[in-house]
Amino acid sequence: ACLYRNKAADVFAAGDHQSTFGGNPLACAAAQVVLDTVNTPSFLESVAQKGEYIRKTVASWNVKEVKEIRGKGLMVGIQMQDGISPAAIEKQCLEKGLLFSTAGEHTLRLVPPLNISRKEIDDGLEILRSVLYHE
């Protein structure tokens with residue numbers, strides 16, 4: 001379905017917008033499996049635990065350039081002190097094999113996949129730590 005109003009109300013006519021995978025039986029079956037999985041209490045608890053592990057681990061480093069660590073589940077924001085460039089940290093981490101993004105001028109945004117393993121978390125955190133400690 002495509003919903004729109006006001007200025008966009010006359011943009012599409014029936015049949016204008018299509019999707020190869022949207023709404024077909026295979027896509028719907030796959031979506032149902034994903035929804036069934038992510039809605040199980042044990043899966044949601046593992047997501048919460050992994051996010052808490054990331055936030056506590058980063059906090060335990062006591063990096064003076066880190067102003068605040070926040071998040072919910074595996075959405076983690078690491079706000080840097082003024083004058084510290086999250087984009088520069090992002091670039092250095094990417095050069096070492098860790099991909100994440102920024103959120104605004106002061107925040108590193110970590111949003112790993114919900115099924116990330118503890119080893120993958122530890123590997124990524126080691127790269128981030130090495131960049132923050134300028135190793």
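Helices (H or I, at least four residues) and strands (E, at least two) are DSSP runs, numbered from the N terminus. The model is predicted: local features need pLDDT of at least 70, side-chain atom pairs count only at pLDDT 80 or more, and totals for chains, interfaces and linings use all residues. Residues are numbered from 1 along each chain as its sequence is written, and side-chain values use heavy atoms, with hydrogens and water left out.

**Exercise 1. State how many helices and strands the chain has, and their order.**

Step 1. There are four helices and four strands.
Step 2. Read from the N terminus, the order is α-α-β-β-α-β-β-α.

**Exercise 2. Locate Asn62 and describe its phi and its exposure.**

Step 1. Asn62 lies in the loop that links H2 to strand E1 (66–72).
Step 2. Its phi is positive, about 50°, although Asn62 is not a glycine. Most residues other than glycine have a negative phi.
Step 3. Exposed means over 50% relative accessible area, buried under 20%, and partly exposed in between (1.4 Å probe, protein chains only). Asn62 counts as exposed because its relative accessibility is 67%.

**Exercise 3. Determine which residues of helix H3 (residues 86–95) are buried, and what they pack against.**

Step 1. Pro86, Ile89 and Cys93 are the buried residues of H3.
Step 2. These residues are on the same side of H3 because they cover an arc of only 60° around the axis, the arc being that of the directions from the helix axis to the C-beta atoms.
Step 3. An α-helix has 3.6 residues a turn, so residues three or four places apart point the same way.
Step 4. Lys91, Leu94 and Glu95, on the other side of H3, are exposed.
Step 5. With contact meaning heavy atoms within 4.5 Å, the buried residues of H3 pack against strands E2 (75–80), E3 (101–103) and E4 (107–110) and helix H4 (118–132).
Step 6. After H3 comes Gly97, with a positive phi near 100°.

**Exercise 4. Describe the largest nonpolar core and the contacts of Leu128.**

Step 1. A nonpolar core is a set of buried Ala, Val, Leu, Ile, Met, Phe, Trp, Tyr and Cys residues joined through side-chain atoms within 4.5 Å.
Step 2. The largest such core has 24 residues, of which Ile78, Ile89 and Leu128 touch the most other members.
Step 3. Helix H2 (41–60), E2, H3, E4 and H4 are the elements that give two or more residues to this core. H4 gives the most, with six residues.
Step 4. Not counting residues up to four places away in sequence, Leu128 touches Val58, Trp61, Ile78, Ile89, Cys93, Leu98, Phe100 and Leu108.
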